[in-house]
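Dear colleague,

My notes on its charged side-chain pairs follow.

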Amino acid sequence: MDKKTIINQVVNQAYSDLTGLVDFRVAGIIGGYFEMIIHESKLEELIPYADDIINTLYDKFCVNLSKSIKDDDVEFTMYKSFCYNKPNEDLIDDCFKIVNIDIKNKQSDKESTTLLKSLSSLQTKYSEEDMEKSLNTIFDILLDYYSIVKITK
């Protein structure tokens, strides 16, 4: 299989797994989302594609959300974690900014940066421990938005 096919298969499965948390109202998964994005059994073979998988999955969420989320939804969303993630308030705010900018860029067909580049811009502001929470925080926000969109459909 070629790289693009492998990435698309993993992204589609991860998207289904993650949105399933909301669809089935599952909360409090142990650990973070990385294990749900790249299953442990396939980690060794997929690790060379990990950055592409994460960026593609993030992009898929942003594209799908951009079609249905409204400014009012974004303004009144309160952060909640699906995975026992407890980031500090500043990190939450910065992650909301990243997600909101990328969703707005998708709504207006503007190019956006990759998720990992956006997160790397925060490295000088946060400790390594906080940075480890950033990926989970981003996906918590995406799932919060997905739950809003799902409820309004």
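Is lysine 3 buried, partly exposed or exposed? Lysine 3 counts as partly exposed, at 42% relative accessibility. Please bear in mind that this is a predicted model.

Lysine 3 forms a salt bridge with aspartate 52, and their closest N and O atoms are 2.9 Å apart. Because lysine 3 belongs to helix 1 (residues 3-23) and aspartate 52 to helix 4 (residues 50-66), the pair ties together parts that are 49 residues apart in sequence. Aspartate 52 is likewise partly exposed, its relative accessible area being 28%.

A search of the whole structure finds 5 salt bridges. Two further pairs each lie within one helix, as set out below.

In helix 6 (residues 89-107), aspartate 94 and lysine 97 are 3 residues apart, about one turn of the helix. Their side chains meet in a salt bridge with an N to O distance of 3.8 Å. Aspartate 94 has a relative accessible area of 8%, so this residue is buried, the cut-off being under 20%. Asp94 and Lys97 are also linked with Lys125 in a network of salt bridges.

In helix 8 (residues 128-152), glutamate 129 and lysine 133 are 4 residues apart and therefore separated by about one helical turn. A salt bridge joins their side chains, at 3.9 Å from N to O. Glutamate 129 is exposed, with a relative accessible area of 53%.

With kind regards

How values were computed
Residues are numbered from 1 along each chain as its sequence is written. This is a predicted model: local features need pLDDT of at least 70, side-chain atom pairs count only at pLDDT 80 or more; totals for chains, interfaces and linings use all residues. Side-chain values use heavy atoms; hydrogens and water are left out. A salt bridge is a side-chain nitrogen of Lys or Arg within 4 Å of a carboxyl oxygen of Asp or Glu. Helices (H or I, at least four residues) and strands (E, at least two) are DSSP runs, numbered from the N terminus. Buried means under 20% relative accessible area, exposed over 50%, partly exposed in between (1.4 Å probe, protein chains only).
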